[in-house]
Amino acid sequence: MFPISLSGIRFTPGGRSVLAGVDLDIDGEGITALIGPNGAGKTTVFNLISRIYTPTTGTIDYLGQRLTD
């Protein structure tokens with residue numbers, strides 16, 4: 001089990017696709033970085049994990065607890 005797991009995340013606010021099919025597992029060991037160019041969706045991923053945004057589809061689990069319910 002990973003401390004943070006995103007599976008099949010899609011975020012389409014207002015019908016505009018921002019993220020599509022994001023899968024990410026972070027094991028909590030060491031340092032993890034999320035990198036990419038401007039506009040790639042890095043901040044959106046963090047906002048989804050922190051529940052500022054709600055994903056259109058997919059699941060987010062933290063320490064075995066579902067955050068997207």
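Thr32 is found in the loop that joins β2 (19-26) to α1 (42-49), where helices (H or I, at least four residues) and strands (E, at least two) are DSSP runs numbered from the N terminus. With a relative accessibility of 47%, Thr32 counts as partly exposed, a class lying between buried (under 20% relative accessible area) and exposed (over 50%), with a 1.4 Å probe and protein chains only. Between the C-alpha atoms of Thr32 and Ser17, which are 15 residues apart along the chain, the separation is 26 Å.

## Basis of the model

The model is predicted, so that local features need pLDDT of at least 70 and side-chain atom pairs count only at pLDDT 80 or more, whereas totals for chains, interfaces and linings use all residues. Residues are numbered from 1 along each chain as its sequence is written, and side-chain values use heavy atoms, with hydrogens and water left out.

## Fold and dimensions

The protein chain contains one helix and four strands, arranged from the N terminus in the order β-β-α-β-β. Its C-alpha atoms fill a box of roughly 35 × 30 × 20 Å along the principal axes.

## Burial and contacts

Of the 69 residues in the protein chain, 25% are buried. Among contacts (heavy atoms within 4.5 Å) with a separation of 6 or more, 47% come from residues 24 or more positions apart.
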